[in-house]
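Visitor: I would like to learn how to read the contacts between the parts of a structure, starting from the general idea and then turning to the case in hand.

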Amino acid sequence: MTPFTVLAGRATVLDRANVDTDQIIPARFLRKPRSAGYQNFLFHDVLLQEPDFPVRAGTAAVLVAGANFGCGSSREGAVYALVDGGIRCVIAPSFGDIFAGNAAKNGLLTVVLADAAALLGGADRLTVDLPAQAIICPDGRRFAFDIDAFRKRCLIEGLDDIGLTLQHEAALAAFERGLPSWALLAGSPAP
Amino acid sequence: MSDARTLFDKVWNARVVVAREDGACLLWIDRHLVHEGSFHGFGMLDHSGRRVRRPDLTFAIADHYVPSHSRALPIADPEAAGLVATLRENARRHGIALFGLDDPRQGIVHVTGPEQGLTLPGLTLVCGDSHTSTHGAFGALAFGIGASEVAHVLATQTLWQRRPKTLRVGIEGTPHPHVAAKDLILAVIARIGAAGAVGHVIEYAGPAIRAMGMEARMTICNMSIEAGGRAGMVAPDDTTFAWLAGRPCAPKGAGWDAALAAWKALPSDAGARFDREVTLDAAAIAPTVTWGTSPETALPVTARVPDPDAAEDVARRRQIAEQLAYMGLAAGAPLEGTPIDRVFIGSCTNGRLPDLRAAAAVLKGRRARVPGLVVPGSVAVKRAAEAEGLDRIFTAAGLVWGEPGCSMCVGMNGDLVPPGQRCAATSNRNFVGRQGPGARTHLMSPAMAAAAAVAGAIADVRKIVA
């Protein structure tokens, strides 16, 4: 995973609520391998309907979005489409939980900021400083944000969290041995 | 300080392997369900050179890309056929049980998992599908994950999670006849909003939930994600235990007795504290239909769609106007009587036997005025429905009786609603383009979808069957 520290880049604003992952990437593209170039699927159908749609692959690094961005389907393809399209950070009042988890696994920073579009809408460039937990506008305005400490560390260090988990092998093996027997499989699946 | 704990607290606490000081918890996963779409996760696992840690707790089920028409022929779409074959190959290589295309256990993961007794109270269960919340109906902690997390569970049988908050949704009272679980959950989502439960695990409680069968509870928990919930749960009770007894993978004999003792201790203690609580009166809820492109746009069928000019602020005005334009609806128009082009009855929300019975009860002796597709949630549901003659009621009404799978809920198998067409659907999402580019979806219960088929328009089932 690409580490995330300080990002300075073009920002674009999508000021609408409940942008679901079906819009970010329509279901029919999820069958494609990652090598197909997921940036080609980013907001694919929305772009056909709305020529002035503000999010387009390769035009911005920061997306300032509305509430509940990335709600709905768990498809990680939505994150692939954004990341392959050059977006490294999404700032919104709230996110779909699964989307936010998927984002962190792919080096896409999600920043929760109330009234994100109203506060940042005028800035076409933004600096996102993850170690300092701050968004900085070109006019010097600075907005602090909170982030889960574990997620922050994984993003900054670009950690492979499977490797991290396997460092806990002894605890995991002990836990596995202590599981109650009813929690294990009591029989084979049958017609 | 009370030590009273919620159902969620009990399940979560018993599955924490490692708790870090920064709040991240390594959570044991008891069951992992994978489907054709999980190929990204298997690809990451292979790329890292790792193996599946617990193939015995992992189950592969084909549902998203399987055809709804005859299973006698090979899948015509080469990419879809390839994904089904890839699932088979990944299951074989890693020693995972497979419920493939020609298997009597095949079905939608969230229908067939419970049928097999894979879902049990007190367990953690994940799947790379957001409607995994369905399994919480049994008092399990079940949630959807992305491909990277699929790879993590395959490799370690665990996930790093931060403890979510809790929301108790109490549904008091008794619903009126023809008001189903789907109507209640749509009303809940309308009340708290599509982001209302973000960061929370919902526990559904109260007399209306206790009176429900397991299938209705699954419908409720299924749509937790449409309110933004991390998961939905219902405390296990005698209804749960009776439903599970004798399922192929459920505990048996002395194991059943031990399980029962553990499960009976799971319900939230009296005085357990939730971060938030919401209460609804089931008796105040009418048959419910969505009008817009988010499940939160649910209204009683007797209502009119909103008028943007009456909205309180500019943002809300624009949001309503955009949704009305996409849906092809006039501001302030009555929902009832809106002509539809087709119906879809099925999905992990409403593809179980009682759902099909409710739809058939409306369609019996009547003709559908529009085309429609009825897709059972699993082979077991299909066989049971056919044994009762439900398939003949649907086909006599002019609807198509399909083979089990996700079908027109998400259209990955090619079952699409054509652009501009309006579909009365029992599925879970009315998002822009969900059932196909330009498709317009109205979510409703199976009985209401059947009523819409009979009327050729959004209809009040209470009038159709009166």
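Guide: Buried area is the accessible area, taken with a 1.4 Å probe, that two parts lose on being put together, summed over both. Please keep in mind that this is a predicted model. Between domain 1 of chain B and domain 2 of chain B the buried area is about 3000 Å², and carbon and sulfur atoms give 60% of it. S68(B), I108(B) and K182(B) supply 20% of the area that domain 1 of chain B buries against domain 2 of chain B, more than any other three residues.

Visitor: Where are the bounds of the domains of chain B, and how many residues does the contact take from domain 1 of chain B and from domain 2 of chain B?

Guide: The division of chain B gives domain 1 as 7-243 + 254-263 and domain 2 as 289-464, with 24 Å between their centres, taken over C-alpha atoms. To the contact, domain 1 of chain B brings 36 residues and domain 2 of chain B brings 40 residues.

Visitor: Which side chains meet in a salt bridge there?

Guide: The count between domain 1 of chain B and domain 2 of chain B is 1 salt bridge, and the side chains of R429(B) and E226(B) meet in a salt bridge at 3.1 Å, N to O. On the side of domain 1 of chain B that touches domain 2 of chain B, α4 (109-115), α6 (181-192) and α8 of chain B each supply at least two residues, and the largest share, 5 residues, comes from α6(B). Helix α8 (residues 214-222) of chain B is itself mostly covered, with 8 of its 9 residues buried.

Visitor: How is the interface of chain B and chain A to be read in the same terms?

Guide: The size of an interface is often given as the accessible area lost when the parts come together. Chain B and chain A bury about 5400 Å² between them, 58% of it on carbon and sulfur atoms, and R50(B), R53(B) and W160(B) supply 10% of the area that chain B buries against chain A, more than any other three residues. Between these chains the count is 8 salt bridges, and D22(A) and R434(B) meet through their side chains in a salt bridge of 3.0 Å, N to O.

Visitor: Why is helix α3 (residues 77-84) of chain A largely enclosed?

Guide: Helix α3 of chain A is largely enclosed by the rest of the structure because 6 of its 8 residues are buried. The buried residues of α3(A) pack against α1 (21-24), β2 (62-65) and α4 (97-105) of chain A, together with α2 (39-47) and α5 (147-156) of chain B.

Technical notes:
Residues are numbered from 1 along each chain as its sequence is written. Chains are lettered from A and ligands numbered from 1 in the order in which they are written. This is a predicted model: local features need pLDDT of at least 70, side-chain atom pairs count only at pLDDT 80 or more; totals for chains, interfaces and linings use all residues. Side-chain values use heavy atoms; hydrogens and water are left out. Buried means under 20% relative accessible area, exposed over 50%, partly exposed in between (1.4 Å probe, protein chains only). Helices (H or I, at least four residues) and strands (E, at least two) are DSSP runs, numbered from the N terminus. Contact means heavy atoms within 4.5 Å. A salt bridge is a side-chain nitrogen of Lys or Arg within 4 Å of a carboxyl oxygen of Asp or Glu. Domain bounds come from an automatic or database domain assignment.
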